[in-house]
Amino acid sequence: MADLRTNFAGIKAPNPFWLASAPPTNTGYQVQRAFEAGWGGAVWKTLGDPILNVSSRFAGTSYNGKQVMGFNNIELISDRPLEVNLQEIYETKKKYPDHAVIASLMVEPQQEKWHEIVKKVQDVGVDGFELNFGCPHGMAERGMGAASGQVPELVEKQTMWAKEAAEVPVIVKLTPNITDITATALAAVQGGADAISMINTINSLAGVDLDSWNTIPHVAGKGAHGGYCGPAVKPIALNMVAECARDPELNNIPISGMGGISTWSDAAEYMLMGAGSVQVCTAAMHHGFSIVEDMIDGLQNYMDEKKLETLDDIVGKSVPKYSDWGDLDLNYKVVARINNDVCINCNKCHIACEDTSHQCIDMLTAEDGTDYLEVREEDCVGCNLCSIVCPVDGAIDMVEIPNGEPMTWNDRQAAIKQTSTSATELA
Amino acid sequence: MNFSRFENKSISLEDLESNFQEVEPDLTQKEAIDESNRCLYCYDAPCIQACPTGIDIPSFIKKIASGNLKGSARVIMESNPVGASCSRVCPVEELCEGACVLNDASMPIMIGNLQRHATNWAMKNNAELFKQGKDNGKSVAIVGSGPAGLASARELARLGFKVTIFEAKEKAGGLDTFGIVSFRLPQEVSLWEVEQVEKLGVEIRTNTTVGKDISVDELVSGYDAIVLAVGMSTVPMLGIEGEDAEGVFDAIDFVETTKTPPMSRDFVGRKVAVVGAGNTAIDAATCSIRLGAEDVKMIYRRTEKEMTAYEFEYEFAKQDGIEFEWLTQPTRIVTDEKGKVTGLECVKMELGEPGEDGRRRPTPVEGSEFVMEVDAVIKAIGQTRFVNLIEEFGLNHKWGVVEVNLDTFQTSNPKVFAAGDVIFGDGQGEAMVVTAAEQGKQAAYAIHKQLIGETESAAV
């Protein structure tokens, strides 16, 4: 059976499934319950100077009747006294020595503040730190969290200050509320980070109540932006992980990936794109800690099926496949092919193509009177839309059509340039 | 009907009324949201094609999913003025749900139940869905206020006609109000549909029999057009001895007595024989059970294969514990000295060669006579026609089936249109509420075209 033991930037854990720093890791009671359920590690809810929270705090977004497509919160960092948290971290680590307990930290961007908190927390025996440079609401208005995480110099400096005092690995958690996450990732690397994690939540307003016209959530009739997470953000987060994983300047720094991970398959995708561990919050908040059982079981079964023995056999294996648009083969061609024996004739592919794509799926009637759909392959651009909207597995295949030698945009531009240069030379 | 959703209620012999409560509960809000979100929103959806009134089903389902229940009810009722009744009585397995593409992939969408959910919302919330059209100066008389008459009236009123419905009974709605068992279609649903039509300025003269309380001539001379939507009449005579005995009932009349409380207690503990195996026969049998009958048998001279009841009706009857006597023909109703039914003499049958209608003709097995001990006999062997009235109108007909142009529903008198069961039969039309509604609509459009012309504004 596949070995899921994890060594992430020196932090060891029985498996790569960690709870992210968030409400599920607020107390020792919760973290210990999580370890009992099977979670390999937990990033404790962010420690810092005491704060005050508001009520209410969370909002979910639903889609087509399904709850929690996305999740929005305006809760701040831990509102419990630091001493209580430290005592519970100590007890938890003592009870679960093999599980990873990582402390998330956030203080004002001052060297002595960082030294002080790192030392205090280190003394109770954490396995690592995660610097919270990502929290987008509340703390950011006070110059912390995302506010400092959006300024590469501050990321670098604060990482450095934390590293000056830290004897255990330091992970820098990045905010997605920035145009190019590799810029702050690089700052973290330059500050000496042992690893980076991403993404923190995305600035969000979950909704507006159509009766009261209040924001969702609201606090006494007023709202403020929160941080968005959950399944809806997965593609955004996955790209950020992949962009960092493939950036040569970041030098293969370990990445802990998070953002909408709900199942083992989500986790496996993050791992293939370079995540050495994964962090989960929304799915646990939606369903409880027991979801980790299938995450472990499913990942093991997948790895066994693919004959993968350890996480090294999967982590980062898709990164070389992630590139720039200019490196894509312009001559590669796929077309849609409809399997009429599987097709249920909902005609969704037809109308999607007809109204919003390339008008190449015809609704036809056979001689025996049965209706069927057919792709005019010569007009199909291989956009995938029909297969995306098709509700039945196997009804539409995207089939590769031989179409000449590979030629990327970059190849093409280079060739054009060369031709014009030789033409100039000839002239 | 979705049997798994039926409330598992045993028959109460004390509270007979409770046995007639709607048997399938409305979808809960969550069920409706889950189910509506399961709809694929097909393009050129086969369910629309399968609906005789052409309801834009994906559209009304999408509106349930989006929380726009008023819009959903409007889409349903727009195409089908008796859409709340149809959501309960349509043979959906043979129509919309039977056509659902998800039959091949998972489970068809519960279209009937979603339609019921949306129209229930409209009923509860007293939603105003349509408005009377601007008076166009023309008047139409409609004879009969059943599905065809109501549908015709609703569309004509929206088109600006002054519409008067003549209804022989004390309440409007026809078959939907009186003829469909309450546990499938509560009377208030049909009466709500009637009310929707009345709100558009349609006058309904109840207790008014055309040919008796008002003459055919008055109608023909007093209105610009007439829609004949009288449906069908009583069950025909079996033509056997004892038919006038106490304890012999017409199935249509019998069902009607169960539509409004109080329920008769005469059937408690009785043995009932229902003659016939169509949908009305099943209704009579299931009503008998709900009135407390101890033993209910359906007598049919052919077999299970030839019975005309819908599959789900047959299933329903079986679940009610009704017994079926196939290949059995009644020959005499046995009575006691007071003229009360005590038995039904029958003869066993066998199927011979197919007759003109393609069905194998049953013939009696000699010497197989036997007497079934029963207290009541309910006749459900079809319905007779209002031949006299049709002839008073001077319309061409065949055995009481009025001949119409199937595009315009115009009869042999250009001023008179006909729709619903009055034109059903002899290979013409279908005996469903939903087809009657569609014919009524089409007759209205044809009248509009004839009297106003196509260029005038459409319905509001």
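This is a predicted model: local features need pLDDT of at least 70, side-chain atom pairs count only at pLDDT 80 or more; totals for chains, interfaces and linings use all residues.
Q: Which domains is chain B divided into?
A: Chain B has domain 1 (3-124), domain 2 (139-233 + 385-451) and domain 3 (248-379). Domain 2 is written as two stretches, 139-233 and 385-451.

Q: How many residues of domain 2 of chain B are in contact with domain 3 of chain B?
A: Six residues of domain 2 of chain B touch 10 residues of domain 3 of chain B. On the domain 2 side, the residues in this contact split into three nonpolar, three polar and no charged. As for spacing, the C-alpha centres of these two domains of chain B are 31 Å apart.

Q: How should I read a sheet, and what is the strand order of the five-stranded one in chain B?
A: In general, the strands of a sheet pair through backbone hydrogen bonds, in either a parallel or an antiparallel sense. Here the sheet is open, its order is S3-S2-S1-S4-S16 (chain B), and the pairing is parallel. Strand S3 (203-205) and strand S16 (416-418) of chain B are the edge strands, each pairing on one side only. From one strand to the next, the twist averages 20°.

Q: Over how many bridges do S1 and S2 of chain B pair?
A: Strand S1 (residues 139-143) and strand S2 (residues 162-166) of chain B are joined in the parallel sense over five bridges. To find your place, look for Ala141(B), which stands opposite Thr164(B) in S2(B).

Q: Which strands does helix H8 of chain B lie across?
A: Helix H8 (residues 147-158) of chain B lies across S1, S2 and strand S4 (225-228) of chain B, and runs at about 165° to S2(B).

Q: Turning to chain A, which domains and how many helices and strands does chain A have?
A: Chain A is divided into domain 1 (6-321) and domain 2 (325-401), with C-alpha centres 40 Å apart. Chain A contains 13 helices and 20 strands, and 44% of its 427 residues are buried.

Q: What span should helix H13 of chain A have?
A: An α-helix has 3.6 residues a turn, so residues three or four places apart point the same way. For length, count 1.5 Å a residue: the 18 residues of helix H13 (residues 409-426) of chain A should span 26 Å, and the end C-alpha atoms are 25 Å apart, which agrees.

Q: Is H13(A) buried or in the open?
A: Of the 18 residues of H13(A), the number buried is zero, so the helix lies largely in the open.

Notes:
Residues are numbered from 1 along each chain as its sequence is written. Chains are lettered from A and ligands numbered from 1 in the order in which they are written. Domain bounds come from an automatic or database domain assignment. Two residues are in contact if their C-beta atoms, placed from the backbone, lie within 7 Å. Ala, Val, Leu, Ile, Met, Phe, Trp, Tyr, Cys and Pro count as nonpolar, Asp, Glu, Lys and Arg as charged, and the others, Gly among them, as polar. Two strands pair if DSSP finds at least two bridges between them. Helices (H or I, at least four residues) and strands (E, at least two) are DSSP runs, numbered from the N terminus. Axes are lines fitted to C-alpha atoms, for helices over the stretch in contact, and angles run from 0 to 180 degrees between N-to-C directions. The expected span of a helix is 1.5 Å times one less than its number of residues. A residue is buried if 20 or more other C-beta atoms lie within 10 Å of its own, exposed if 12 or fewer, and partly exposed in between; C-beta atoms are placed from the backbone.
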